[in-house]
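Reader: I would like to learn how to read pockets and helix packing from a set of coordinates. Please take one feature at a time.

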Amino acid sequence: MPPTKGGKRAIPLGGKGKGKRSAGKAAKIAGGKRKRSHKKVQQWGLYIHRALRQVYKRGTLSKAAVRVLSSFIEDMFDKISFEAVHVAKINRVRTLTAREIQTSARLLLTPELAKHAMSECTKAVAKYNQFRDDAENKSGL
């Protein structure tokens, strides 16, 4: 930085100073309400560690590995959802159900992965339906 007059410290250009930060904070709009200035990004790290713990009790992953896996999961989620919308349009259906998701996963994944994914999908849907039925029975009493 160039020297300053009167011994005052020069203001740094950029860097880690405590300047105005509007990226992470909510921006005020007309009417006094606050609106988020950026979209919240889904973090998959917790679920990655849970799945790893089921397979290997003492296993750990670095932050970089979790970021790579999280990016992969987000990419596959986008691909499967896009394909599911495409399947729904072909079938002239407006609602995405487990059937469309299952069909799109079968189309996108390799046969071995698709077989495991279908078994996990069937278990998850059955568990969800059981939970929903139990909740309806409790509220109906």
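Reader: Which residues line the second largest pocket?

Author: Rolling a probe the size of a water molecule over the atoms shows where empty space is left. In this predicted model, the second largest pocket is lined by Ile 80, Ile 101, Gln 102, Ala 105, Ala 117, Met 118, Glu 120, Cys 121, Ala 124, Val 125 and Tyr 128. Helix H3 (98-108) and H4 are the elements that give two or more residues to this lining. H4 gives the most, with 7 residues. The pocket holds about 180 Å³ of space.

Reader: How does the lining of the second largest pocket divide by class?

Author: There are 9 nonpolar residues, 1 polar and 1 charged in that lining.

Reader: What is the volume of the largest pocket, and which residues are closest to its centre?

Author: Its volume is about 870 Å³. The lining has 17 residues, and Trp 44, Phe 72, Ile 73, Met 76 and Ile 80 are the closest to the centre. Two or more residues each come from helix H1 (45-55), helix H2 (63-90) and helix H4 (111-140). H2 gives the most to this lining, with 6 residues. By class, the lining of the largest pocket has 13 nonpolar, 2 polar and 2 charged residues.

Reader: How should I read the packing of H2 and H3?

Author: Two packed helices are described by the angle between their axes and the distance between the axes. For H2 and H3, the angle is about 115 degrees and the axes are 8 Å apart. The crossing of H2 past H3 is right-handed.

Reader: Which residues make the contact?

Author: From H2 come Lys 79, Ile 80, Glu 83, Ala 84, Val 87 and Ala 88. H3 contributes Glu 100, Ile 101, Thr 103, Ser 104, Leu 107 and Leu 108. The contact of H2 with H3 divides into 7 nonpolar, 2 polar and 3 charged residues.

Terms used
Residues numbered from 1 in each chain as written. Predicted model: local features only at pLDDT ≥ 70, side-chain atom pairs only at ≥ 80, totals over all residues. Heavy atoms only, no water. 1 Å grid on protein atoms, 1.4 Å probe; cavity = no way out; pocket = protein on both sides within 12 Å on 5 of 7 lines; lining within 4 Å. Points joined across faces, edges and corners; volume = space filled by probe spheres on them. Helix = DSSP H or I, 4+ residues; strand = E, 2+ residues; numbered from the N terminus. Nonpolar A, V, L, I, M, F, W, Y, C, P; charged D, E, K, R; others polar. Axes fitted to C-alpha atoms, helices over the stretch in contact; angles between N-to-C directions. Left-handed = near helix turned anticlockwise from the far one by under 90°. Contact = heavy atoms within 4.5 Å.
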